[in-house]
Amino acid sequence: MAIVPCGTTWPAQWGIRPQFMLRSSITNKLPRSNYGVSSKINYLASACSSLFSQGSLHAFIYAGSSQTSHNRRGARFTVRADSDFYSVLGVSKNASKSEIKSAYRKLARSYHPDVNKEPNAEQKFKEISNAYEVLSDDEKRSLYDRYGEAGLKGAGMGMGDFSNPFDLFESLFEGMGGMGGMGGMGGRSSRSRVVDGEDEYYSLVLKFNEAVFGVEKEIEITRLETCGTCNGSGAKPGTTPTTCSTCGGQGQVISSARTPLGVFQQVMTCSSCGGTGELSTPCTACSGDSRVRRTKRISLKVPAGVDSGSRLRVRSEGNAGRRGGAPGDLFVMIEVIPDPILKRDDNNILYSCKVSYIDAILGTTLKVPTVDGMVDLKIPAGTQPNTTLVMAKKGVPLLNKSNMRGDQLVRVQVEIPKRLSSEEKKLIEELANLSKGKAATSRR
């Protein structure tokens with residue numbers, strides 16, 4: 001049923017948005033026979049009605065399931081059907097709170113996306129959660145029973161103002177092992193009390209050759225470890241923790257604020273217990289933190305091929321977790337000291353050598369440094385200045401693929417003498433004349 005108030009009072013005074021669009025104006029006097037006015041007018045316009053007053057309700061239009069069509073020029077509107085929250089949960093309209101809660105638990109287990117992999121499971125899960133959120137609250141249920149979803153919107157709760165369905169699910173299954181004992185899905189309580197340890201970082205400086213071929217190092221780190229006095233509970237031995245009265249053992253508190261845009265809820269860690277849900281006398285050794293700082297020596301194997309900026313991860317060697325939480329990881333940051341002669345370019349080694357112009361012309365063999373030591377390099381006859389010679393597989397091993405290596409690239413720089421002796425100059429001139437003679441002969 002759709003109701004159109006057409007008097008001096010506008011629906012916004014109640015914050016209620018009608019579920020139709022009015023296409024044209026409607027006069028204050030409408031014939032009863034032409035528009036099928038419902039007999040429920042008197043009920044809704046009565047003095048006891050909180051929705052409309054008798055004076056402001058000048059006209060009502062009833063849109064029922066009748067097949068009779070009225071195409072008169074006057075009012076045309078479209079009605080959007082709202083979902084029935086009672087049907088969503090499969091309960092009757094006079095169902096008790098316990099029946100509604102039981103129905104929600106059963107359906108939530110079936111349609112939770114982590115259990116039900118059907119495409120529409122998540123949407124169904126949200127609908128179930130929205131329905132339970134309304135019907136489990138006495139004020140919201142009363143508004144819904146009287147005015148439907150329009151009543152909720154009038155109270156400042158739009159379709160996007162429902163709580164997170166997963167937070168609602170976890171809060172309801174609190175203390176039941178998540179999913180009512182189905183396992184694999186701990187609730188908010190387990191997440192708030194069990195805190196994983198933080199990661200630890202260590203900077204390691206390596207020599208050039210150590211980074212190229214790998215090395216095994218023993219490092220000393222300082223980290224937080226589980227307190228041996230209280231066994232990680234954070235409580236003084238011999239004392240018994242009590243449930244936090246502020247959050248009721250949940251470890252979290254929820255604050256709600258009603259604004260013109262809707263009802264906003266914020267979940268915060270309980271400040272009284274720090275999210276543990278319990279209050280206890282703190283351990284004197286760890287001051288209630290459940291961890292103490294200690295030093296440990298670790299043997300670290302650095303793989304071949306690392307470079308400055310590389311990061312090694314050592315699992316479970318970081319700070320210990322709280323109350324049974326998993327320990328963090330240790331991240332070793334690599335910094336490599338550059339070599340004064342050999343330069344690294346990814347997996348290749350760069351080197352420059354100088355040869356005389358005589359050696360460049362006639363060819364020669366030089367000894368050049370590599371990461372493997374001194375190696376002979378053959379300079380072919382007629383080598384041109386800035387020629388790059390490749391020494392295959394004399395570079396850096398590929399990271400995690402030590403059987404594969406880069407190359408060493410040798411750039412040849414030809415030295416031209418600035419001064420010549422008289423004998424050298426004479427020989428060069430004879431060589432020049434010989435070259436000119438050959439060129440003239442080739443042109444004939």
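Start with Phe-331. Its relative accessibility is 7%, so Phe-331 counts as buried, the cut-off being under 20%. Bear in mind that this is a predicted model.

**Stop 1: the ring partner of Phe-331**

Tyr-201 and Phe-331 form a stacked aromatic pair, with 5.5 Å from centre to centre and 20 degrees between the planes.

**Stop 2**

Now show β1, β9 and β8 as a cartoon. These 3 strands make an open sheet, ordered β1-β9-β8, with mixed pairing. Which strands stand at the edges? They are β1 (200-206) and β8 (311-314). Each has a single partner strand, so one side of each lacks a neighbour in the sheet. From one strand to the next, the twist averages 25 degrees.

Zoom in on β8 and β9 (residues 330-336). The two run antiparallel and are joined by 4 bridges. Select Arg-311, then look across to β9: Met-333 stands opposite.

**Stop 3**

How many aromatic pairs does a search of the whole structure find? It finds 4. One of them is Tyr-86 with Tyr-144, a tilted pair at 6.2 Å centre to centre and 40 degrees between the planes. This pair also links distant parts of the chain: Tyr-86 lies in helix α3 (residues 85-89) and Tyr-144 in helix α6 (residues 138-147), 58 residues apart. Tyr-86 and Tyr-144 are both buried. Phe-85, Tyr-86 and Tyr-144 make up one aromatic cluster.

**Stop 4: a lysine over a ring**

Select Tyr-111 and Lys-124. Lys-124 lies over the face of the Tyr-111 ring, 5.9 Å from the ring centre.

**Stop 5: Thr-370**

Finish at Thr-370, in strand β12 (residues 364-370). Is Thr-370 buried or exposed? Its relative accessibility is 8%, so Thr-370 counts as buried.

The side chain reaches the backbone nitrogen of Asp-372 at 3.1 Å. The Thr-370 side chain also reaches the backbone oxygen of Gly-373, at 2.6 Å.

Last, select the surroundings. Apart from neighbours within four places in sequence, Thr-370 is in contact with Leu-342, Val-375, Met-391 and Gln-408.

Definitions and conventions:
Residues numbered from 1 in each chain as written. Predicted model: local features only at pLDDT ≥ 70, side-chain atom pairs only at ≥ 80, totals over all residues. Heavy atoms only, no water. Pairing = 2+ DSSP bridges. Axes fitted to C-alpha atoms, helices over the stretch in contact; angles between N-to-C directions. Phe/Tyr/Trp six-rings, centres within 6.5 Å; stacked < 30°, edge-to-face > 60°. Buried < 20%, exposed > 50% of the residue type's maximum accessible area, 1.4 Å probe, protein only. Lys NZ or Arg CZ within 6 Å of the ring centre and 35° of its normal. Polar contact = N/O pair within 3.5 Å; in protein donor to acceptor, adjacent residues only side chain to side chain. Contact = heavy atoms within 4.5 Å.
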